[in-house]
Amino acid sequence: MFILNQTSDKYTKTTGQIVLKAFLWLIGLMAVGAMLRAICVAIYMANGINPMEIAKFGGDPTTHMGNATWKTILKLLLVAPICEEIIFRLGLAFNRKTDALWIGILPLVVALYFFKCKTWYIILALLVVGVVIFSLVCRFTTEEQWLEWRKKYLKYAVWITAIAFGLIHLIAMSTINIQLLPFILTTILMPFLGGCAVTYARVNLNFFWGILFHMAINVPSILMILVSMMA
């Protein structure tokens, strides 16, 4: 059974077993994704096309080599995992207060992280709206409802969030066209597969374990950038 469908392990396995399973799946899935992407790039290169140069994928650590700063490292290690986990997986709790918080802060986090919003009155307005939404969700829903929704919709939610997490990386492509489609698909396959292991850890453990596994995905990129900075 694929790891995204194993959302009930928290009832049958220990924390250590879940962590080990998520880690092994993470390594395996990322290895498969990396192999497929490498094959795809090799085919392009054999035909005289450098897809990485054309697409200039922002998620590729090689794009940061030579001009990276400690701010780049901090963003990859902390800011990106925390913000992206809030956006994509905090709501998988299917808990009244947690999901009320998620729905309330989602517009603010998206504005700050994706749109780099720095306008104080927009931020303040989003905070006020968030508080109102949080209050309304808590007021008009019950824990029993969220538990029922978890039983009905969790299996769909984990797939939707994992796919959305992969697709959102399309915005890091400077060029998108038919010629680059195979490269683009194998490139966004990487975060999708990694996100599957992160989702498993988040659903069967908690939100903070999801952040830790997300950080683990970014470690190889951080190490590559650090080596380039010290070279």
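Which helix holds both Arg89 and Glu85, and how many residues apart are they?

## Pairing within helix H3

Arg89 and Glu85 lie in helix H3, which spans residues 70–89, and they are four residues apart, or about one turn of the helix. This is a predicted model, and in it the two side chains form a salt bridge with an N to O distance of 2.8 Å.

Both partners are shielded. Arg89 is buried, its relative accessible area being 0%. Glu85 is buried as well, with a relative accessible area of 0%.

## Salt bridges in the whole structure

How many salt bridges does a search of the whole structure find? The search finds three. Side chains of opposite charge can pair when their charged atoms come close.

## Lys21 and Asp9

A salt bridge joins Lys21 to Asp9, with 2.9 Å between the closest N and O atoms. Lys21 belongs to helix H1 (residues 15–46), whereas Asp9 sits in the segment before H1, so this pair ties together parts that are twelve residues apart in sequence.

Are Lys21 and Asp9 buried or exposed? Lys21 is buried, and Asp9 is buried too.

## Glu53 and Lys56

Glu53 and Lys56 also meet through their side chains in a salt bridge, at 3.3 Å from N to O. Lys56 is partly exposed, and its relative accessible area is 46%.

Notes:
Residues numbered from 1 in each chain as written. Predicted model: local features only at pLDDT ≥ 70, side-chain atom pairs only at ≥ 80, totals over all residues. Heavy atoms only, no water. Salt bridge = Lys/Arg side-chain N within 4 Å of Asp/Glu carboxyl O. Helix = DSSP H or I, 4+ residues; strand = E, 2+ residues; numbered from the N terminus. Buried < 20%, exposed > 50% of the residue type's maximum accessible area, 1.4 Å probe, protein only.
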